[in-house]
Amino acid sequence: WNLITEKYARMMKSTAPQMYAELEDKLPIRSPEREQIAEEIIKIQVDWMEDFARSYPKLAGNMRNIHTSSDTSFNTSYETYLRGELGTYSEKTMLLYAGYIIGLLKAGRNLAMVTMANTANLYGYESLKEAEEKLNSERK
């Protein structure tokens, strides 16, 4: 089974509904409980991404749109991409990931901020603030 094929097929539910309809019966069936867990995770992570976008609008402007409602056949949102990714997880992996997300939430940590700070560091910036300031100075 090709997980990448599954992920992109699941994303097509929003980005290419007619093509998704042709593939849906070939995808593994997910229980309603599992789907509910995935949607709770997605809500948390979308909230985190919205917080990131408010704090660093220039950086966020270089990223995917956040919400499924903005999907097109040529532009897949963060929310839809995450939904596709989570859709490939086994039951065990989903529960482990849910525990990880809940742990971050309880600790007051934002995974979007952590991920983007690491990305900014890989690009040579000391912080998200420095990366944001660089984008602000370039666009003036």
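Me: Which residues are buried in H7?
Reply: This is a predicted model, in which local features need pLDDT of at least 70, side-chain atom pairs count only at pLDDT 80 or more, and totals for chains, interfaces and linings use all residues. Residues are numbered from 1 along each chain as its sequence is written, and side-chain values use heavy atoms, with hydrogens and water left out. In H7, the buried residues are Leu-111, Ala-112, Met-116 and Ala-120. Buried means under 20% relative accessible area, exposed over 50%, and partly exposed in between (1.4 Å probe, protein chains only). Helices are DSSP runs of H or I with at least four residues, numbered from the N terminus.

Me: What covers the buried residues of H7?
Reply: The cover includes helix H3 (32-55), helix H6 (91-106) and helix H8 (128-138). Contact here means heavy atoms within 4.5 Å.

Me: And Thr-115, is that buried or partly exposed?
Reply: Thr-115, which is found in helix H7, is partly exposed, with a relative accessible area of 39%.

Me: New topic: which residues touch the most other members in the largest nonpolar core?
Reply: They are Phe-52, Leu-86 and Ile-101, in a core of 28 residues. A nonpolar core is a set of buried Ala, Val, Leu, Ile, Met, Phe, Trp, Tyr and Cys residues joined through side-chain atoms within 4.5 Å.

Me: Which element gives the most to this core?
Reply: H3 does, with eight residues.

Notes: Helix = DSSP H or I, 4+ residues; strand = E, 2+ residues; numbered from the N terminus.
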